[in-house]
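Let's take a walk through this structure together.

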Amino acid sequence: MRALVFEEFGGPLAVRSVPDPVPDRDGVVVRVGASGICRSDWHAWSGHDPDVVVPHVPGHELAGTVAAVGSGVRTWAVGDRVTVPFVCACGRCGPCRDGAGQVCAHQTQPGFTHWGSLAEFVALDAADVNLVALPEGMPVATAASLGCRFATAFRAVTGVGRVRPGEWVAVHGCGGVGLSAVQVAVAAGARVVAVDVAPGALELARAFGAEHLVDGSAGDVPAAVRDLTGGGAHVSLDALGAAVTCTGSIRSLRPRGRHVQVGLLPPGAGRPEIPMELVVAGELALLGSHGMAAADYPAMLSLIDAGRLHPELLVTRELGLADAGDALVAVGRTPGIAVVTAF
Ligand SMILES: [Zn+2]
Ligand SMILES: [Zn+2]
């Protein structure tokens, strides 16, 4: 098969011919129809993730068609149109039994723990636990964005942040996750303040319903958010994963507000300063959010089906695999999501 391969961290990304994957007993191989290019792929390529071993094929936001099925798989067949969370759960450990596959103790992640989906085919583990059927009529390019950024944002806003109608939500960083969070928060009836340094990203946030836009490169961002929201956000998300956005998000909250850390804060991003005096004095909650388990997809899919969420609006570019390497290196420089749809 053709795949985007890198041999060394930060080195050239080249399309090469590599052996086709074969399914595990409980796994499947999917013919990739679309694979998004995400900041996490950039982290994998940059050597920020200890799970990644070179040579490596990145890619974890995918949708496609089941092409081969392991002998132990019960619920999926060749030809099924599917997507998958970027965290593939084992289905058997304590967190999985508690319905929290997104923090599975034995999780695998395509594009990190094994070769990913910027390729013609990708192997996925524990298919009965992790695959999600695509709604009829949903294009694969749209579905590819669900597996990581949109689902991550959906759970961060609804499941972890528990955003309620009328609340103020601040979104720090309007890349794929942040813009998804803006959409989800607006659909939940919240009022949104969007923060970014890129005018194009802020314009998209406005188009998705953000009420106020804050230029992240100018002045005291938390003070601006507190001012615009009459005392601070009820919920604030660091959707980028940087020391400055993490601290800024916490400082944007009103008393009893909830900070949700969604961005990854990899080594090299710097350790954020946590203003613990504000956490105590304001009874702030600091919460982490890590993807979304397949079992939680139906609530999100039904809102998409009802026309209340529009993940397709996040996809601003469709590419061929030959252009994926350049797009991965430049991820974040152009607003919206790039998706590879020709392999
Ligand atoms: Zn991702
Ligand atoms: Zn598990």
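Start at the zinc ion (ligand 2), which is held by the SG atoms of Cys90, Cys93, Cys96 and Cys104 at 2.3 to 2.4 Å; donors here are N, O and S atoms within 2.8 Å of the metal (3.2 Å for Na, K and Ca), with water not among the atoms, so sites may look incomplete. This is a predicted model, where local features need pLDDT of at least 70 and side-chain atom pairs pLDDT 80 or more, while totals for chains, interfaces and linings use all residues. Residues are numbered from 1 along each chain as its sequence is written, chains are lettered from A and ligands numbered from 1 in the order written, and side-chain values use heavy atoms, leaving out hydrogens and water.

Back at the zinc ion (ligand 2), the angles among the four donor atoms run from 102 to 117°, making the site tetrahedral (four donors, all angles between 85 and 135 degrees). Along the sequence, the donor residues follow the spacing C-x2-C-x2-C-x7-C. Cys90 and Cys93 are both buried, meaning under 20% relative accessible area with a 1.4 Å probe, protein chains only (exposed is over 50%, partly exposed in between).

Next, find strand S6, residues 121-124; strands are DSSP runs of E, at least two residues, numbered from the N terminus. Phe121 and Ala123 on one side and Val122 and Leu124 on the other are all buried, so both faces of S6 are covered. Strand S3 (residues 28-37) runs antiparallel to S6, joined to it by four bridges (pairing takes at least two DSSP bridges). Val28 sits opposite Leu124 in S6.

Conventions: Tetrahedral: all angles 85-135°; square planar, octahedral: opposite > 155°, others 65-115°.
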